[in-house]
Amino acid sequence: LFLRYFHGENTWDKSHFLRRLRNSPGSWMAWVWWKYVVGDVTRHPRFRLDRRSRDAFAAYLHTSRELDLFFHDTESSAS
C-alpha cells in the first residue's frame with residue numbers, strides 16, 4: 001500500500017487526476033460517460049481500489065487509530 005500525505009506542497013490537486021482521465025480518445029469517451037451520463041466522474045473505475053488495496057487501507061486506518069496517530073483541531077471542528 002502506498003500512501004501520499006498532503007502537506008500543502010507535495011501533491012497534485014483533484015484537477016490533475018481528472019485531466020489524466022481524458023488523455024486519449026477512448027479515455028475521453030469514458031470520462032464523458034461518467035461526467036455527464038452517470039453524473040459523477042469520481043465513480044470512474046480508475047478511482048476504485050481492488051479488494052487487497054481496500055483491506056490494506058482498512059488495516060492502516062485501524063492501526064493508526066489504535067496508536068492515536070490522527071490529530072485534529074477540536075476548536076476548528078467545533079465551528
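This is a short chat about a predicted model.

Colleague: What should I know before reading residue numbers and values?
Modeller: Residues are numbered from 1 along each chain as its sequence is written, and side-chain values use heavy atoms, without hydrogens or water. The model is predicted, so local features need pLDDT of at least 70 and side-chain atom pairs count only at pLDDT 80 or more, while totals for chains, interfaces and linings use all residues.

Colleague: Which residues of α2 are buried?
Modeller: Ser 27, Trp 31 and Trp 34. Buried means under 20% relative accessible area, exposed over 50%, partly exposed in between (1.4 Å probe, protein chains only). Helices are DSSP runs of H or I, at least four residues, numbered from the N terminus.

Colleague: Why put them on the same side of α2?
Modeller: They cover an arc of only 70° around the axis. The arc is that of the directions from the helix axis to the C-beta atoms.

Colleague: And what is on the other side?
Modeller: Pro 25, Gly 26, Met 29, Tyr 36 and Val 37, which are exposed.

Colleague: What covers the buried ones?
Modeller: The cover includes α1 (14-20). Contact here means heavy atoms within 4.5 Å.

Colleague: What follows α2?
Modeller: Gly 39, with a positive phi near 90°.

Colleague: New topic. Where is Asp 68?
Modeller: Asp 68 lies in the loop between α3 (51-66) and α4 (74-78). Its phi is also positive, near 55°, in a residue other than glycine.

Colleague: Is Asp 68 buried or exposed?
Modeller: Asp 68 counts as exposed, at 56% relative accessibility.

How values were computed:
Helix = DSSP H or I, 4+ residues; strand = E, 2+ residues; numbered from the N terminus.
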